[in-house]
Amino acid sequence: MRIENVPVKTQKKPSAGTWLEFWETHAKKTASKCSVIGCESRAEVGAQVFKPSMGPTSIYIVPLCPTHAALVKEPFDVAESVTLVLANK
Ligand SMILES: [Zn+2]
């Protein structure tokens, strides 16, 4: 599944805690590895992403490593099994 990070200037703050905690609460999972296919780094960031095919109207949270969370204007693929959590829950 192709996703892209939301640019820093349009990122929102979570209403409480961190986006990674928000993701864990709603996905009912514990974040471990980065969601990117083949990346073995720890997921330390609840990244705000969108699907380039859909446009930036729907923002989702996915667990990413700091390297992948820092990619800008560069779409990348996460595993199909990854749970995307809508950020506006
Ligand atoms: Zn990664």
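**Figure 1. Overall view of the protein chain in a predicted model.** Of the 89 residues of the protein chain, 28% count as buried, a residue being buried if 20 or more other C-beta atoms, placed from the backbone, lie within 10 Å of its own, exposed if 12 or fewer do, and partly exposed in between. This is a predicted model, in which local features need pLDDT of at least 70 and side-chain atom pairs count only at pLDDT 80 or more, while totals for chains, interfaces and linings use all residues. Residues are numbered from 1 along each chain as its sequence is written. The chain has two helices and five strands, which follow one another from the N terminus as β-α-β-β-α-β-β; helices (H or I, at least four residues) and strands (E, at least two) are DSSP runs, numbered from the N terminus.

**Figure 2. Close-up of the open sheet.** Five strands form an open sheet in the order E4-E1-E2-E3-E5, with antiparallel pairing, where two strands pair if DSSP finds at least two bridges between them. Strands E4 and E5 are the edge strands, each pairing on one side only. Strand E3 (residues 60-64) runs antiparallel to E5 and is joined to E5 by two bridges, and Ile61 stands opposite Val85 in E5.

Figure 3. Helix H1 (residues 19-27) lies across strand E2 (45-50), E3 and E5, running at about 80° to E2; axes are lines fitted to C-alpha atoms, for helices over the stretch in contact, and angles run from 0 to 180 degrees between N-to-C directions. Leaving aside residues up to four places away in sequence, Tyr60 touches Val49, Phe50, Leu84, Val85, Leu86 and Ala87, contact requiring C-beta atoms, placed from the backbone, within 7 Å.

**Figure 4. Close-up of Val82 and its surroundings.** Val82 lies in the loop between strand E4 (76-77) and strand E5 (85-86). Val82 counts as partly exposed because it has 19 C-beta neighbours inside 10 Å. Not counting residues up to four places away in sequence, Val82 touches Ser35 and Val62, and its C-alpha atom is separated by 8.9 Å from that of Pro63, 19 residues apart along the chain.

Terms used: Contact = placed C-beta atoms within 7 Å.
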